[in-house]
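Please have the sequence and the model open while reading.

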Amino acid sequence: QYFSDSLAKHTTKGMKERVMNGFPNGDIPFGYRRHDKDNTAEHEGYVYIVPEEAEAVKKIFQYYAGGGWSLSRLAAWFNEHGFRTKNKHQLKDGNGQTVTGPRPFSLYSVRWLLHNPFFTGQVKYKEHLYKGTHEAIIDEGLFNSVQARLKAAKGRSKTFSASYRLYLLKGLA
């Protein structure tokens, strides 16, 4: 138990130190790639921009900020242009088969991209943001306007409002 607690403490400390130095923990989002270990030691662990993916990320942020584009329409745009997610997880398809590897974009993957502050040149650890060593794809003004639109859109759905739901024992229990 002591070893396990000590390992958890040191791992957390190392992850926080890494982020404070501007390096991301975990997977790198669409639009970026990590330098391979085969590259020189000075670049190992650094992240670089993939130009065609970065241009697509800029466009979806601009389209969504401008209005008139839904998350599902942005996902369709990604898929029409041949882009795929950087999925590494095993997922079940409609037939119950296990599928791994890049997948078509969905509205959920687009929403995750639009919420990710990594594109502004920052790395996140828990709820804190730190200046990253990677180059930003979009500026913070565009990111903040997209966040405002996402927040406004979140409250529009009537299906999730408690006043529209009927509960059998409402007011009795």
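In which helix is the place of Leu113? Leu113 belongs to helix α4, residues 107-115. The model is predicted, so local features need pLDDT of at least 70 and side-chain atom pairs count only at pLDDT 80 or more, while totals for chains, interfaces and linings use all residues. Residues are numbered from 1 along each chain as its sequence is written, and side-chain values use heavy atoms, with hydrogens and water left out. Helices (H or I, at least four residues) and strands (E, at least two) are DSSP runs, numbered from the N terminus.

**Leu113**

- Leu113 is buried, with a relative accessible area of 3%; buried means under 20% relative accessible area, exposed over 50% and partly exposed in between, using a 1.4 Å probe and protein chains only.
- Leaving aside neighbours within four places in sequence, Leu113 is in contact with Phe30, Ile60, Phe61, Phe78, Phe105 and Phe119, where contact means heavy atoms within 4.5 Å.
- Leu113 and Gly31 are 82 residues apart along the chain, and their C-alpha atoms are separated by 9.9 Å.

**Helix packing**

- Two packed helices are described by the angle between their axes and the distance between the axes.
- Axes are lines fitted to C-alpha atoms, for helices over the stretch in contact, and angles run from 0 to 180 degrees between N-to-C directions.
- Angles under 35 degrees count as roughly parallel, over 145 as roughly antiparallel, 65 to 115 as roughly perpendicular and the rest as oblique.
- Helix α2 (residues 51-66) and helix α3 (residues 71-80) have axes that come within 11 Å and cross at roughly 155 degrees, which makes α2 roughly antiparallel to α3.
- On the α2 side this contact is made by Ala56, Lys59, Ile60, Tyr63 and Tyr64, and on the α3 side by Leu71, Leu74, Trp77 and Phe78.
- The axes of α3 and α4 are 8 Å apart, and the two helices pack at an angle of about 100 degrees, so α3 is roughly perpendicular to α4.
- Leu71, Ser72, Leu74, Ala75 and Phe78 of α3 meet Leu107, Val110, Arg111, Leu113 and Leu114 of α4.

**Aromatic rings**

- The structure holds 14 aromatic pairs.
- In one of these pairs, the ring centres of Phe78 and Phe83 are 5.9 Å apart and the planes are at 90 degrees, so the pair is edge-to-face.
- Rings of Phe, Tyr and Trp (its six-membered ring) pair if their centres lie within 6.5 Å; planes under 30 degrees apart count as stacked, over 60 as edge-to-face and the rest as tilted.
- Phe78 and Phe83 are both buried.
- One aromatic cluster is formed by Phe30, Tyr63, Trp69, Trp77, Phe78, Phe83 and Phe105.
- Arg73 has its charged end over the ring of Trp69, 3.9 Å from the ring centre; a charge sits over a ring if NZ of Lys or CZ of Arg is within 6 Å of the ring centre and within 35 degrees of the ring normal.
- The charged end of Arg149 sits over the ring of Tyr64, 4.6 Å from its centre.

**Two exposed loop residues**

- Lys126 is found in the loop between β5 (122-125) and β6 (128-131), and counts as exposed at 59% relative accessibility.
- Although Lys126 is not a glycine, it has a positive phi of about 55 degrees.
- Glu135 lies in the loop between β6 and α5 (140-154), and counts as exposed at 57% relative accessibility.
- Glu135 is in contact with Tyr32 and Ile49, leaving aside neighbours within four places in sequence.
- Glu135 and Tyr32 are 103 residues apart in sequence and 9.5 Å apart in space, C-alpha to C-alpha.
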